Amino acid sequence: MIETFQKYSGTGLLVCWFLVAWFYLFFCEKKKENRVLFVYMPAVLLLLFFNPLFYKVFGNLTEEAIYFRFLWLLPITMVISYTVIKIYSTLKGAKQYVFVLLSFVLIVFSGRLVYFNPLFEKAENPYHVPQEVVNICDMIEVEGREVVAAFPREFILYVRQYSATVCMPYGRDVFSYYDPFYSMMNEAVIEVEELAELAKQAGCHYIVLSEEKELDGNLEDFSYEVFGRVDKYVIYRDVDIYIGL
């Protein structure tokens, strides 16, 4: 719990300002409805989060890996913003401007610029997904029906974000369990015969593979044809399945 909270806190400064603001409101806020929202509710959430019994029950009912999302319920920005406005309203003249400027500077320097994150990538399109996903989905979509396509690992999280009609034989949660099809797609050397069998069992219309992926065999020998190419990715189509092209 403590480790999860530390990761959630980032630099820790915003959480510090939140706690300072919470204590201020605890002693100074008089309106009942505001106390419920900004004082009592955050306190209850934190008590639950750090309760070992609640942690155990929550972990049994859901995935332990998502426990940190419980902290999303904390109204951190609301508490800080409301406190700043409340203090501002009690000041007069130049003190108001100095306080606002000081608050602004403290907030800015309390976090890290998201664009400096090594995982940040500039969006290639309005959908904020890799352009290869857009091009592949546009190529294989069939109007009026769903199609099933096996995508490589790097595209799993993006396909459903772009298209509602291009389905996959495995979902984004495949990282948390064993799936033979997904496992085969990620082998260093893919046994083509086994891959084709798994794809047919899953009713897969398409298989998308990087041209850099080493294949032991030819998909063309198992009723697949090269349907198209997008950058370094090859799209194979099962010619035994009619999809109304």
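**Note on aromatic and charged contacts**

1. Start with the aromatic cluster. Phe5, Tyr8, Phe49, Phe50, Phe54, Tyr55, Tyr67 and Phe70 form one cluster of rings. Keep in mind that this is a predicted model. Across the structure, the aromatic pairs number 18.

2. Phe38 belongs to helix H3 (residues 32-49) and Tyr82 to helix H5 (residues 76-90), so the contact ties together parts 44 residues apart in sequence. Phe38 is buried, at 7% relative accessible area. Tyr82 is partly exposed, at 21%.

3. Phe49 and Phe50 make an edge-to-face pair. The centres are 5.0 Å apart, with 90° between the planes. Burial separates the two partners. Phe49 has a relative accessible area of 0% and is buried. Phe50, at 33%, is partly exposed. Both residues also belong to the cluster in point 1.

4. A ring can also meet a charge. The charged end of Arg35 sits over the ring of Phe26, 5.6 Å from the ring centre.

5. Now the salt bridges. The count comes to seven. Side chains of opposite charge can pair when their charged atoms come close. Glu3 bridges to Lys7, with 3.5 Å between the closest N and O atoms. Both sit in helix H1 (residues 2-9), four residues apart, or about one turn of the helix. Glu3 and Lys7 are both exposed.

6. Which side chains meet in a salt bridge at 3.4 Å, N to O? They are those of Glu29 and Lys86. Glu29 lies in the loop between helix H2 (13-28) and H3, and Lys86 in helix H5, so the bridge ties together parts 57 residues apart in sequence. Glu29 is buried, with 3% relative accessibility. Lys86 is partly exposed, at 21%.

7. Glu211 and Arg229 form a further salt bridge, their closest N and O atoms being 3.8 Å apart. Glu211 is in the loop between strand E4 (206-210) and strand E5 (214-216). Arg229 is in strand E6 (residues 224-230). Arg229 is exposed, at 52% relative accessibility.

8. Last, a network. Lys200, Asp238 and Asp240 are joined by salt bridges that share partners.

Terms used. Residues numbered from 1 in each chain as written. Predicted model: local features only at pLDDT ≥ 70, side-chain atom pairs only at ≥ 80, totals over all residues. Heavy atoms only, no water. Phe/Tyr/Trp six-rings, centres within 6.5 Å; stacked < 30°, edge-to-face > 60°. Helix = DSSP H or I, 4+ residues; strand = E, 2+ residues; numbered from the N terminus. Buried < 20%, exposed > 50% of the residue type's maximum accessible area, 1.4 Å probe, protein only. Lys NZ or Arg CZ within 6 Å of the ring centre and 35° of its normal. Salt bridge = Lys/Arg side-chain N within 4 Å of Asp/Glu carboxyl O.
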